[in-house]
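Subject: Structure handover

Hi,

Here is the structure I promised to pass on. Please open it alongside this email.

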Amino acid sequence: MRRLHNITAGLLLAVLTALPGNESVDAADIGILTGTVRVVSEPPYAIRINAYPGVAHTTAPSNDTEGKSLIREIVVYLEKVAAPHAIDPPASPKLTQRGMEFEPSVLVILAGQEVGFPNEDPYYHNVFSYSPAKRFDLGRYARGKSKSVVFEDPGVVQVFCDIHSDMKGTILVLQNPYFARPDTETGAFRIPSVPAGRYRLVVWHPDLETVSREIEVRPGAATPIEVEI
Ligand SMILES: [Cu+2]
């Protein structure tokens with residue numbers, strides 16, 4: 001994903017505190033973005049992280065649930081919005097170590113948010129990332145403990161555990177709250193209260209090539225979009 005511009009601390013504060021749940025901004029300037037994501041990519045077996053090729057995870061998923069799991073990790077978002085407002089950011093985001101996995105496998109947050117990493121397993125885990133958007137290493141810690149990290153910059157942060165090499169999580173840090181997770185059955189998505197304007201709509205999945213296109217959100221009327229990834 002292209003690196004997004006940093007936003008200033010002041011603007012960030014405005015994003016995080018602006019008018020929770022409030023759509024009182026002049027309705028004439030607001031549109032609703034709706035659409036459908038269709039998954040046409042093959043399941044990305046080959047690019048799944050696997051520390052021991054040919055040894056671990058040699059069994060392919062047995063049925064069409066793989067298509068649904070692909071859509072579960074898709075995020076649709078607007079790349080840059082000059083004056084974001086009126087949508088709450090995800091509250092108290094957490095990436096939990098549970099059942100030898102990071103849960104959820106894809107976490108979406110806004111730049112400036114703090115993420116907790118609680119360990120709920122009866123084993124030690126570690127949490128680290130070498131991603132340019134945020135490098136950190138929380139060390140190893142036991143069940144019941146939690147550490148946290150603030151993610152200042154938009155970008156993709158891949159998270160691993162140095163004890164269990166097939167544990168992988170992804171944090172997508174966005175510049176603005178105009179994003180949606182498509183419905184896992186239908187692929188439908190809806191982003192409300194978008195300031196009218198021209199934007200780049202991004203369809204992102206941690207293991208697939210990112211798809212994006214220019215779109216226009218018009219005041220009032222919904223703008224249905226069909227996208228494939
Ligand atoms: Cu671990």
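My notes on the model follow.

This is a predicted model, where local features need pLDDT of at least 70, side-chain atom pairs count only at pLDDT 80 or more, and totals for chains, interfaces and linings use all residues. Residues are numbered from 1 along each chain as its sequence is written, and side-chain values use heavy atoms, with hydrogens and water left out.

Overall

The protein has 2 helices and 16 strands. Both are DSSP runs numbered from the N terminus: helices are H or I with at least four residues, strands are E with at least two. Of the 229 residues, 45% count as buried (under 20% relative accessible area; exposed is over 50%, partly exposed in between; 1.4 Å probe, protein chains only). Among contacts (heavy atoms within 4.5 Å) with a separation of 6 or more, 66% link residues 24 or more positions apart.

Copper site

Which residues coordinate the copper ion? They are His125 (ND1), Cys161 (SG), His164 (ND1) and Met167 (SD), at 2.0 to 2.8 Å. Donors here are N, O and S atoms within 2.8 Å of the metal (3.2 Å for Na, K and Ca); water is not among the atoms, so sites may look incomplete. Along the chain, the donors follow the spacing H-x35-C-x2-H-x2-M. His125 lies in strand β7 (residues 125-131), and His164 in the loop between β10 (155-160) and β11 (168-174), so the pair ties together parts that are 39 residues apart in sequence. Both His125 and His164 are buried.

The angles among the 4 donor atoms are 87 to 136 degrees, and the site is irregular. For reference, four donors count as tetrahedral if all angles lie between 85 and 135 degrees; four count as square planar and six as octahedral if opposite donors are over 155 degrees apart and all others between 65 and 115; anything else is irregular.

A three-stranded sheet

An open sheet of 3 strands has the order β13-β1-β16, with mixed pairing. Strands pair if DSSP finds at least two bridges between them. β13 (188-195) and β16 (222-228) are the edge strands, each with a single partner, so one side of each has no neighbour in the sheet. From one strand to the next, the twist averages 25 degrees (axes are lines fitted to C-alpha atoms, for helices over the stretch in contact; angles run from 0 to 180 degrees between N-to-C directions). β1 (residues 30-38) and β16 run parallel, joined by 7 bridges. Ile32 of that region stands opposite Ala222 in β16.

Cores

The largest nonpolar core has 22 residues. Such a core is a set of buried Ala, Val, Leu, Ile, Met, Phe, Trp, Tyr and Cys residues joined through side-chain atoms within 4.5 Å. Members touching the most others include Leu33, Val37, Phe189 and Ile215. Among the elements that each supply at least two residues are β1, α2 (65-72), β13 and β16. A second, separate core of 20 residues includes Val127, Val149, Val157 and Val159.

Backbone points to check

A cis peptide bond joins Glu103 and Pro104, with omega about 0 degrees. Pro104 sits in the loop between β4 (101-103) and β5 (106-110). Two non-glycine residues have positive phi: Met100 near 65 degrees and Ser193 near 60 degrees. Met100 is in the loop between β3 (96-98) and β4, and is partly exposed at 32% relative accessibility. Ser193 lies in strand β13, and is buried at 3%.

Best wishes
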